Structure formats: structure tokens, C-alpha cells
Amino acid sequence: MRYNIELKGLEVFAYHGVLQHEQDFGQTFLIDCLYQVEADAEDQLTATVSYAAVADLLHVTATSNRFDLIESLASACLAAVSNLDSKIAAVKITVHKPQAPMEHKFADVSVSVQSGRFEN
């Protein structure tokens, strides 16, 4: 059986960006992670992949590295979650940069990357 687990809006303060100001002072990023687990429908934590463990991994990945591009941050998060547990069949990561440095008013700037094939 496959089922989806979704973590939305994980808030991370980090130092990613091309501009020196971003690298020096940092900013808040939001990370969404949708992952599909292939496992038996047991009522045991060992039968799934803990969303708390995924959140911890994403936080460490985002705060212990520095990237110029959020594309690179998203790819690093994707690789980390994909390799966390063999029960993970597919992963989609979206990184939001709500304080992206641009002169225009905007609702969101985000990048999404995916690995594996999601099944219904």
C-alpha cells in the first residue's frame, strides 16, 4: 500500500541567496515536503516514515549548507529525504522564499523538485 505524507510550511532561517546581504543576514525560507511511503498498514511508527524525522532532516539540510540558488537548496532537500528510508517511493520538495529581493510586490517565489513517481 502507498500513502502520502505532507509537511507544509516548515520554517527555516538560513543564509541562502546570490546577494551579499542575503548571505550576511539570512532570511526565512518555507519548505513543503510531500512524500509517498510504500508500507503495510500497521499501526506502528516503524511501518512508516516519521514526519518529525523528515522535518528534522530538512531543517539540518537547510541550515548546515549555504546555496546561492533555492533550486540547489530544493535539490539538496530532495536528495536527503529520498535517501532517508527505503520505504519512501516518491518525494516532492518546494522551497518558498517569501522575502526574495525584488522590487515588485509578489505573493510567493518558490521552486519545486520531484523524484520518483507518485501513485494514487
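Visitor: How do you know which residues of α2 are buried?
Guide: In this predicted model, V54, A55, L58, T61 and A62 of α2 are called buried, a term for residues under 20% relative accessible area, with exposed meaning over 50% and partly exposed in between (1.4 Å probe, protein chains only). Helices are DSSP runs of H or I of at least four residues and strands are runs of E of at least two, numbered from the N terminus.

Visitor: What makes the buried residues of α2 line one face of the helix?
Guide: Seen down the axis of α2, the buried residues fall within an arc of 130 degrees, so they line one face, the arc being that of the directions from the helix axis to the C-beta atoms. An α-helix has 3.6 residues a turn, so residues three or four places apart point the same way. Among the elements that cover these buried residues are β1, β2, α3 and β3, where contact means heavy atoms within 4.5 Å.

Visitor: Why is the pair of K97 and E22 called a salt bridge?
Guide: The term requires a side-chain nitrogen of Lys or Arg within 4 Å of a carboxyl oxygen of Asp or Glu, and the N to O distance between K97 and E22 is 2.6 Å, so the pair qualifies. Because K97 lies in the loop between β3 and β4 and E22 in helix α1 (residues 20-25), the pair ties together parts that are 75 residues apart in sequence.

Visitor: What makes K87 and D85 partly exposed?
Guide: Their relative accessible areas are 21% for K87 and 22% for D85, so each lies between the two cut-offs. The side chains of K87 and D85 also meet in a salt bridge, at 3.4 Å from N to O.

Visitor: Which residues touch the most other members of the largest nonpolar core?
Guide: Of its 29 residues, I31, C33, Y35, L58 and I93 do, a nonpolar core being a set of buried Ala, Val, Leu, Ile, Met, Phe, Trp, Tyr and Cys residues joined through side-chain atoms within 4.5 Å. The most residues, six, come from α3.

Guide: Residues are numbered from 1 along each chain as its sequence is written. Local features need pLDDT of at least 70 and side-chain atom pairs count only at pLDDT 80 or more, while totals for chains, interfaces and linings use all residues, and side-chain values use heavy atoms, with hydrogens and water left out.
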